[in-house]
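I opened this notebook to record what I looked up, entry by entry. The entries follow the order in which I took up each topic.

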Amino acid sequence: MKPALAMQKFLYLLLLLWNAAQASSLPPTVTTALQQAGIPLQHVGIVVWDSNQNEPQLSINATRSFNPASTMKLVTSYTALGLLGPAYTWPTEISTDGILHDGILDGNLYIKGYGDPSLNIERFWQLLHQLRLHGLHQINGELILDQSYFQPAPASAFDDQPRRAYNAQPAALMVNFNSTAIDISVHDNRIEINAEPLPINAKLINRVSLSTAACTEWLDQIHSEWRADSQQLIISGEYPASCSEKAFAVTLGDASELAAGLFTSLWQSQGGKFQGNWRNGVTPDTAQHLLTYTSPPLALAVYDMNKFSNNVMARNLFLSLSQDGSASTAKSAQVVHDWLQQQNLHFPELVLENGAGLSRIERIAPGNMARLLRSAYHSPVYVELAAALPIVAVDGTMKKRGKNDLVAAHAHIKTGTLDGVKTLAGYVTTRAGHQVVVVFFINDAHASAGNAAQDALLEWVYQNQ
């Protein structure tokens, strides 16, 4: 036998023995679930680590680099809570370059965003209400939206679903998560569709027909198309009459268009006057400050972001870490690396693209994700971070999982899902009262079938650690 071939066989044998040794340390319920799903052990990374112990109790492929999907939001969240603080708030500044007299502004109105990820329709209404309380009634100039605080990467959809809300792009001035909410209902055997917010002069075209199908996978039968040239949002497809009323969200792409449209409709609804001309621009240094609208604290943004795995909130939060007036993803990535180093968290394999996990290139090792969670457990911001994670069988992205398990309501877990990726990471409060970090990454073509194995591990940790 040739030496090279003999060496290959020897290494292969070592790999088999290594995999067998690792498999023997896994709970049988997890091993069985992985086998039934067709997921090989080498495509799995698992760490179970009591927060008060120096070494993990279970470690499989812990140093291997994995795509973490949305569990990457934990890295962004912990960094933001530690660096900016739970009470950090985002300002949105309103200024003018004209003269305000008797409620009439002869000049332009500037709105400068600083990355507030929580400026939804209700809060934008409050912002405009405060502006009305300042005595402003009529705007004779232009509305100028200042997006200059962020310099994000060029807009690009993650996949071939550019209108899905998870593909919404970040922006320094972003309203309603840069998304439009679509409500579909059936009345008198007729489909009604409403959409809010929309760009100025946008038209909603309803081309949806009723079907007699069961109300399952209904969203897959609905298609949205945004025609920017004609400002038309076309909703088409078939909608089961049995669904009654449903809702979903789409992104139309341009955050400024949506902000201008919402400003115009809300301003007019509050009795204000504005001719509707707007553009992007930069607030001049000579502009007169009218008011600053302050966001809710960062801790609440982290809560909303993680409970429902909101990607665009995570991307805005990630960009906010730059903190130098010209935020970029590259600068924020360096900020995260530097801050982790200061916490003695050295993650050489860490790859950050947008901090949300909506990425094919982001990477972290399961062992280092566990170290991050263990560090957070011993930090002053642990309560805020843990409270933001979905509770098994109770809320958020874990609401429908573990309903009949003993671990139900005893674990705060962040999940992540992409094609070929199924991940979870968080904390289990065990039956014995221990706080245990659990990380379970799957990067495999059959990852979508991995829920049972992950749930089995959570149950085992709860009962045995």
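I began with Ser185, whose bridge partner in strand E10 is Glu192. The model I am reading is a predicted one. I then traced the pairing of strand E9 (residues 180-187) with strand E10 (residues 190-196), which is antiparallel and runs over seven bridges. E9 and E10 make a hairpin with two residues between them. In that turn I noted Asp188, which has a positive phi of about 55°.

Entry 2, another partner of E9. I found that E9 also pairs with strand E14, in the antiparallel sense and over five bridges. Here I looked up Ala181 and found Ala249 as its bridge partner in E14.

How many disulfides does the structure hold? I found one. It is formed by Cys215 and Cys243, with their sulfur atoms 2.0 Å apart. The link of Cys215 and Cys243 is right-handed, with 110° about the S-S bond. I placed Cys215 in the loop between strand E11 (203-211) and strand E12 (222-227), and Cys243 in the loop between strand E13 (232-240) and strand E14 (246-250). The pair thus links distant parts of the chain, 28 residues apart.

In which order do the strands of the open sheet lie? I read the order as E16-E8-E6-E3-E17, with mixed pairing. The edges are strand E16 (278-280) and strand E17 (288-294), each of which pairs on one side only. Neighbouring strands of this sheet are turned by 20° against each other on average, direction ignored. I recorded two helices that pack on the sheet. Helix H4 (residues 121-133) touches strand E3 (91-96), strand E6 (109-113) and E17, and its direction makes about 145° with that of E17. Helix H5 (residues 255-269) touches E6, E8 and E16, and its direction makes about 140° with that of E8.

Strand E8 (residues 143-146) runs parallel to E16, and three bridges join them. Leu143 has Trp278 as its bridge partner in E16. I then turned to Ile144, which is found in strand E8. Is Ile144 buried or exposed? Ile144 has 0% relative accessibility, so I count it as buried. Apart from neighbours within four places in sequence, Ile144 is in contact with Asn108, Leu109, Tyr110, Ile111, Arg279, Asn280 and Gly281. I also looked up its separation from Ala376: 232 residues in sequence and 41 Å in space, C-alpha to C-alpha.

I examined Leu340, which touches Val75, Thr79, Leu345, Phe347, Leu350 and Leu372, not counting residues up to four places away in sequence.

The crossing of H6 past H7 is left-handed. Leu298, Ala301, Val302, Asp304 and Met305 of H6 make the contact with Met313, Ala314 and Leu317 of H7.

Definitions and conventions:
Residues numbered from 1 in each chain as written. Predicted model: local features only at pLDDT ≥ 70, side-chain atom pairs only at ≥ 80, totals over all residues. Heavy atoms only, no water. Pairing = 2+ DSSP bridges. Helix = DSSP H or I, 4+ residues; strand = E, 2+ residues; numbered from the N terminus. Axes fitted to C-alpha atoms, helices over the stretch in contact; angles between N-to-C directions. Contact = heavy atoms within 4.5 Å. Disulfide = S-S within 2.5 Å. Buried < 20%, exposed > 50% of the residue type's maximum accessible area, 1.4 Å probe, protein only. Left-handed = near helix turned anticlockwise from the far one by under 90°.
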